[in-house]
Amino acid sequence: MAADSGTNESFRVQIGDTAPPPTVVVRDVEIKSEDASPLTRKVVEEIARVLRTTSVATFEVQTRIKTSTSRISFSVRLNDLFAQRREKLNRLRAKGIEPFGEAFDTSGSIAEIRGKFKEGETMRAAGRVTSHRDMGKSHFLDLEDVTGHIQLYFSAKEAPKNLLEIVENLDIGDFVGVGGECFFTKTKEQTLKVRELQMLAKSLWPLPDKWHGLRDIEARYRQRYVDLVANEQSREIFAKRIVIVREIRRFLEDRGFVEVETPMLQTVAGGAAAEPFSTHHKALGLDLYLRIAPELYLKRLLVGGFNKVFELNRNFRNEGISRKHNPEFTMLEAYWAYADFEKMANLVEELICHLAEKILEGCAPSRPTEESNKHAGHPHTDIFKNPSSAESVGEPALSGPPERSETGERQSLQIQHRDPEGKIMYTINLRRPWRRARYYDLVREVAGKDWFELTSEQRRERATRELKVEILPQLADFEVTQHVFEKLIEEKTFDPLFVTHCPKELVPLAKQNVVDPTLVDVYELIINGVEMSPGYTELNDPDAQRRRLLEQAGEDRQKIDKEFLLALEHGMPPAGGFGLGIDRLTMLLTGAESIRDVILFPLLRPKK
């Protein structure tokens, strides 16, 4: 059967008359057919849509029918595009032109060139070729870098022969360096009339086309370098992440905190209750762990006299993977001598609102619009785009005008999170002050006012039967309550909420409350249905700390960091501390719904 997809792609489909496929598999992507008849035009068009992510001009699809299953496997041939590009590479070398060039001096980024563009002046630029229009006697190309694009013009009559030889062997995606004279076309487009052209790198694989981008989600994660070239939204997310990390450092340093570095390889995996990754040092014959938290080393620095310290670095936990969890993740931890958990809560609230305002003000660099390109040397973008615009799909949006209070703070810090179709799923209000409530009070709101008067058996029964929370038999009584909290409070809370005064069993490194010793002076900040930041009044009594760690370790006494306890015995001042997950924070401020969307190279199972 042959069919036309209605797109620019052409293809052939060969299939037997007696093989109705309810499912089509194309490069591990399953396409469900609405009927069980032989391959219909609608299914063929869907195949074309999936294959469009390869940006191949033509392709051929052949089926291999498996008699034992109704599934049909498709193999896709790129029609030798790789070979065609390599042939161009060889032609360039045959003419004495090296396809992989050397350093090339430029007049700045393309955005900077456009910002200082003056007719008649000579400029030098470098970037990727993203389009090529052969007009016969002239050639027009678009040159792009991460800041923007500019048009190039080549005259067949005026350009040197060696220059045209390069132009004729260029492909979309090639890196080139150019030098030329600035002029405006009849449509007032800024253009360089190229006098100099140097090959910098040949692209041997075609890039996804600019209109459809890289739509295969797994391919976006595996080939992030292609995703960044093809998808504007991905570039913006990571540009904003860069701003977030930079602004965190500025914020803390402006308040007297100093950044430090502590060991990634540790003899004891301490500072959190998590499964570590283990390794072995051959020269020392020593078993080591990738750190699960830097906490115990940062507290050693409090003992040593540092009053305000922070570390912004990676943690590693050998646990599950989900849209909210990655085995390695970026974490901020900070400690402040002579403070407590309430001061840390105030600091975190101020920090996150500061970051949101910086993003709202458009500090994240992005490819500018045509209008901004004409004026700005350093383009910025407002990530909270107009909700009615199609460009805002998948992005958070600022709700309401950016009015400010008498203190200069934005009066509207509402973030709208959207689904892939652009519909608003929910709105998060970051405007201060944020709500604060005690752990027990929140549990009583969802589980009943008498929850903590019940026996442990009654609590377990109510959780499973009335509250419909799955409770495993091995869970301790405090863990049953924590499961109720996580399912009925944490996962359903979107606006910021500081949960304070938790049971001491949950946080063995925090200081006990003076009024109620069964509680600890802590907060857990919840935003967007996840724990965003824990903060403590730190425990500095070495004897109490030893008892807590022994209770947590149980029979596995080797998990106790004796060197840390020794440090505490030298005296640690009272202090407050907090942690803040940078990946989840970036998800919050960019509208990303998966942690993999905010990590450049997330861990994936190797492709077979």
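1. Two strands are said to pair if DSSP finds at least two bridges between them. In this predicted model, strand β9, residues 175–184, and strand β10, residues 190–201, are linked in this way by ten bridges and run in the antiparallel sense.

2. Five strands close it, in the order β6-β7-β8-β10-β9, and their pairing is mixed. On average, neighbouring strands of this sheet are turned by 55° against each other, with direction ignored. Helix α4, residues 161–168, packs on the sheet and touches β6 (122–134), β7 (138–145), β8 (148–155) and β10. The direction of α4 makes about 75° with that of β10.

3. Strand β7 deserves attention for its two pairings. With β6 it pairs in the antiparallel sense over six bridges, and R133 stands opposite F140 in β7. The hairpin of β6 and β7 has three residues between the strands, and G136 there takes a positive phi near 90°. With β8, strand β7 is joined by eight bridges, and the two run antiparallel. Here L143 stands opposite I150 in β8. The hairpin that β7 and β8 form has two residues between them.

4. E165 counts as buried because its relative accessibility is 17%, and buried means under 20%. Leaving aside neighbours within four places in sequence, E165 is in contact with L92, K95 and I97.

5. A separate region concerns two helices. Two packed helices are described by the angle between their axes and the distance between the axes. The axes of helix α12, residues 456–465, and α13 come within 10 Å and cross at roughly 25°. That angle makes α12 roughly parallel to α13, because angles under 35 degrees are counted so. The crossing of the two helices is left-handed.

6. Which residues bring α12 and α13 together? From α12, S456, R459, R460 and A463 meet D477, V480, T481 and V484 in α13. By class, this contact has three nonpolar, two polar and three charged residues.

7. V484 has its place in helix α13, residues 477–488, and counts as buried because its relative accessibility is 0%. Not counting residues up to four places away in sequence, V484 touches V446, A447, W451, A463, L467, V469 and I489. One of these, A447, is 37 residues from V484 in sequence, and the two are 7.7 Å apart in space, C-alpha to C-alpha. Another, A463, is among the α12 residues in the contact with α13.

Key
Residues are numbered from 1 along each chain as its sequence is written. This is a predicted model: local features need pLDDT of at least 70, side-chain atom pairs count only at pLDDT 80 or more; totals for chains, interfaces and linings use all residues. Side-chain values use heavy atoms; hydrogens and water are left out. Helices (H or I, at least four residues) and strands (E, at least two) are DSSP runs, numbered from the N terminus. Axes are lines fitted to C-alpha atoms, for helices over the stretch in contact, and angles run from 0 to 180 degrees between N-to-C directions. Contact means heavy atoms within 4.5 Å. Buried means under 20% relative accessible area, exposed over 50%, partly exposed in between (1.4 Å probe, protein chains only). Angles under 35 degrees count as roughly parallel, over 145 as roughly antiparallel, 65 to 115 as roughly perpendicular and the rest as oblique. A crossing is left-handed if the near helix is turned anticlockwise from the far one by less than a right angle, and right-handed if clockwise. Ala, Val, Leu, Ile, Met, Phe, Trp, Tyr, Cys and Pro count as nonpolar, Asp, Glu, Lys and Arg as charged, and the others, Gly among them, as polar.
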